[in-house]
Amino acid sequence: MSGRAQLMWDEAVTGYDFGPNHPMDPVRLDLTRRLVGAFGLDRELEVVAAKPAGESTLRLVHREDYIDAVKVASADPAGARGEYGLGTIDDPAFAGMHEVSALIAGQSVGAAEAVWRGDAEHAVNFAGGLHHAMPGGASGFCIYNDAALAIARLLELGAERVAYVDVDVHHGDGVQAAFWEDPRVLTISLHEHPSTLFPQTGWPQETGAGAGEGSAVNVALPAGTGDAGWVRAFHAMVPELLADFRPQVLVSQHGADTHFEDPLAHLAVSLDAQRAVQVACHELAHEYAGGKWVALGGGGYAVVDVVPRSWTHLVGIVAGKPVAPEAVIPEEWRQQVFARTRQLGPQRMTDGRWPVAYGEWEAGYDPADRIDQAVLASRRAVFPLRGLLP
């Protein structure tokens, strides 16, 4: 293994654009790439533009009739078919939609191939993490499910155990659905409780089916959960499950929409806690997956203040050159932000909450605490199915 990390990037991914006033503003990708460059991180890893996912790759997860429907809508947005989730408020059709969605998917698949083959130890595609797309339909701003496609490609290449950890504020429903009955894939999702947030799934009782029973894990956290509770819940679930599963590759999704400034959700997590979980995923990849780590982006709709900083931290961690929380953001980037958005960019790579303090689960829990109740519900639902003590 080379040990060299890869950043998957093709500027054309910024064409993933649902139009003005849509929350999924592609400026968040452009500003992230520019901030990565401003810190010189692109000199610390190999920047790779992978080819778009071809039809045979897309069919590893998606139905052929759905792919055909995306192509039709891509060529003529007026022909988008609502029964496939296309042409909706969440997923408006736009010209070139198939091509750019396949390009984003190709970056995640390329990352998975590089890590599996040993061309890179870690790889990151912050344009990816589009975890809501289903085998037969678009959903939640997601056309093709690049995360599920990357995992399916790993399985096709011979992987026998792949762990997927999703810390987006929304449930990773599309990835869970793709591997619902597959014991080779362990999906773990920490998200806001489905009673208060789209897609209204991800209950603790969703644990997989058939041979895959016990391979889906859901931690549904109450609205208002902050840093200490969020990081505590992560550490109360993920390390023990990975130690039991022994994945050959860790795929993680790092949606930045858990942040307290995000306009579409209700958690109260800081940039510093997001960085703490990114660091934890890196450490867990080395401890349990031989260092093989594919890191993806995801949601995040505070497109200036939060997303670029969060994913620049992720790229730095992947590259082995983490950006210090107290680092001052280069003025050149702040000028680019103002030129693009007429907004003032943040000045430092922290929300002022580093280091993040939290209570270890092993030290005891409070059955009256809402976050501990959420963790207990998840442990009781899935741990016995895996032969673990809840």
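Leu250 has Trp293 of strand E8 as its bridge partner. The path of the chain from E7 to E8 goes through helix H8 (residues 271–288), forming a right-handed β-α-β crossover; right-handed here means that, with the strands pointing away from the viewer, the path from the first strand over the helix to the second runs clockwise. Helices (H or I, at least four residues) and strands (E, at least two) are DSSP runs, numbered from the N terminus. This is a predicted model, in which local features need pLDDT of at least 70 and side-chain atom pairs count only at pLDDT 80 or more, while totals for chains, interfaces and linings use all residues. Residues are numbered from 1 along each chain as its sequence is written, and side-chain values use heavy atoms, with hydrogens and water left out.

Strand E7 (residues 249–253) runs parallel to E8, with 4 bridges between them; two strands count as paired if DSSP finds at least two bridges between them. E8 (residues 293–296) also pairs in the parallel sense with strand E3 (residues 122–125), again over 4 bridges.

Helix H5 (residues 146–156) is largely enclosed by the rest of the structure, because 10 of its 11 residues are buried. Among them are Asp146 and Arg153, along with Leu149, Ile151 and Leu154. Just after H5, Gly158 has a positive phi of about 120°. Helix H9 (residues 307–319) has 13 of its 13 residues buried. H9 reaches 18 Å from its first C-alpha to its last, close to the expected 18 Å, a span taken as 1.5 Å times one less than the number of residues. Gly320 follows H9 with a positive phi near 80°.

Helix H3 (residues 64–75) contains Glu64, which counts as partly exposed because its relative accessibility is 46%. Beyond its neighbours within four places in sequence, Glu64 is in contact (heavy atoms within 4.5 Å) with Glu55 and Arg59. Its C-alpha is 50 Å from that of Gly364, 300 residues apart along the chain.

The chain as a whole has 11 helices and 8 strands. The C-alpha trace spans about 55 × 50 × 45 Å along its principal axes. Buried residues make up 61% of the 390. Of contacts between residues at least 6 apart in sequence, 77% join residues at least 24 apart.

Key: Buried < 20%, exposed > 50% of the residue type's maximum accessible area, 1.4 Å probe, protein only.
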